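I am opening my notebook on this structure and will write down, entry by entry, what I look up.

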Amino acid sequence: VRRYRFIMNLLFTIDRAYLAQMEICLKSIFRFPCPDGYDVYVMHTGLEDADFAALRQRLGGKAEFHPIAVNPDTFRDFPESSRYPQMMYYRIFAARFLPQDMERVLYLDPDIIVIRSLETLYSLHFDGALFCACTHAREFLTRVNQLRLGLGQAVPYINTGVLLMNLAALRQEQDEQAVIDYAKDRGQWFMLPDQDIITALYGSRIRLLDTMIYNLSDRMLATYNANPLNEKRPLSWVKENAAIIHYCGSNKPWKKNYIGVLDCFYHEVADAQ
């Protein structure tokens, strides 16, 4: 009987500034071997072959790396800022750049630490969705974002740091001109452009995941524990249940002004010899 091969496709979109953080993220992932290994796709601007050669060597050949250099002019029509560069749009059009026979890929922000195998997440059924993702927004902000983004209906505001992408469906259904038109029309109202676009255009086609498991931040943990209706979830609960820790926003565990309790997971990987 021929065994079905299980290779996990991972996607990152970075420039040189986040190369080191992606390496630490990958180290955290590789602690949980995938049956047939990992294929790591890196959409980038400004990295060189030598960067990937060094990365392969330091990570001990635990994955196949597939660099994809993106011409910056591709996204020249999209709004950007120093905090939110063009690179954030790469994931929106990943289906265009990735191999055309690839059916799914797991996108991760580089400021993530994985503390449990990703196989359960990666193997989820899309149930007709274009993405599987989490929301970090509470109900009041969902309504605010509905008005800000000009949406006819309220949809969950998506945190795009973790995206399981249905590439097969995106190739069939994604209208690239609609994305460009929406960015031009609503760009002045954008706060987090890639999240705004994905929420606005695809919010009704997203399978929501448990944020406490698959996209847990210090803010989300503190907010949950501050609700008197919730049973407190201490660090021991996180260790036993969560899969993905996301140091989103400006609160990074490698900075001196970090505030929170989840930095232990980062240092467990980053400080290991």
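Before I call any residue buried, I note the cut-off: buried means under 20% relative accessible area, exposed means over 50%, and partly exposed lies in between. Y266, with a relative accessible area of 7%, therefore goes down in my notes as buried.

**Entry on the whole chain.** I remind myself that this is a predicted model. I looked up the secondary structure of the protein and found twelve helices and nine strands. Of the 273 residues, 52% count as buried, and the protein exposes about 13,600 Å², of which carbon and sulfur atoms supply 50%. I also looked at contacts with a separation of 6 or more, and 78% of them are accounted for by residues 24 or more positions apart.

**Entry on aromatic pairs.** I note first that a pair of aromatic rings is described by the distance of the centres and the angle of the planes. My search of the whole structure gave six aromatic pairs. In one of them, F131 and Y202, the ring centres are 5.7 Å apart and the planes stand at 55°, so I recorded the pair as tilted. This pair links distant parts of the chain, since F131 is in strand β6 and Y202 is in helix α8 (residues 193-202), 71 residues apart. F131 has 0% relative accessibility and counts as buried, and Y202, at 7%, counts as buried too.

I then turned to W254 and Y266, whose ring centres are 5.4 Å apart with planes at 45°, so this pair is tilted. W254 lies in the loop between β9 (244-246) and α12 (263-270), while Y266 is in helix α12, twelve residues apart. Is W254 buried or partly exposed? With a relative accessible area of 30%, W254 is partly exposed, whereas Y266 is buried. I also found that ring pairs link Y247, W254, Y258 and Y266 into a cluster.

**Entry on charges over rings.** I looked up two arginines: the charged end of R96 sits over the ring of F93, 5.4 Å from its centre, and the charged end of R104 sits over the ring of Y122, 6.0 Å from its centre.

**Entry on T135.** I went back to strand β6 (residues 131-135), where T135 is found. T135 has a relative accessible area of 17%, so I count T135 as buried. Which residues does T135 touch, leaving out those up to four places away in sequence? I listed P156, Y157, N159, L208, T211 and M220.

Technical notes:
Residues are numbered from 1 along each chain as its sequence is written. This is a predicted model: local features need pLDDT of at least 70, side-chain atom pairs count only at pLDDT 80 or more; totals for chains, interfaces and linings use all residues. Side-chain values use heavy atoms; hydrogens and water are left out. Helices (H or I, at least four residues) and strands (E, at least two) are DSSP runs, numbered from the N terminus. Buried means under 20% relative accessible area, exposed over 50%, partly exposed in between (1.4 Å probe, protein chains only). Contact means heavy atoms within 4.5 Å. Accessible areas come from the Shrake-Rupley method with a 1.4 Å probe; for residues, only the protein chains shown count as cover. Rings of Phe, Tyr and Trp (its six-membered ring) pair if their centres lie within 6.5 Å; planes under 30 degrees apart count as stacked, over 60 as edge-to-face and the rest as tilted. A charge sits over a ring if NZ of Lys or CZ of Arg is within 6 Å of the ring centre and within 35 degrees of the ring normal.
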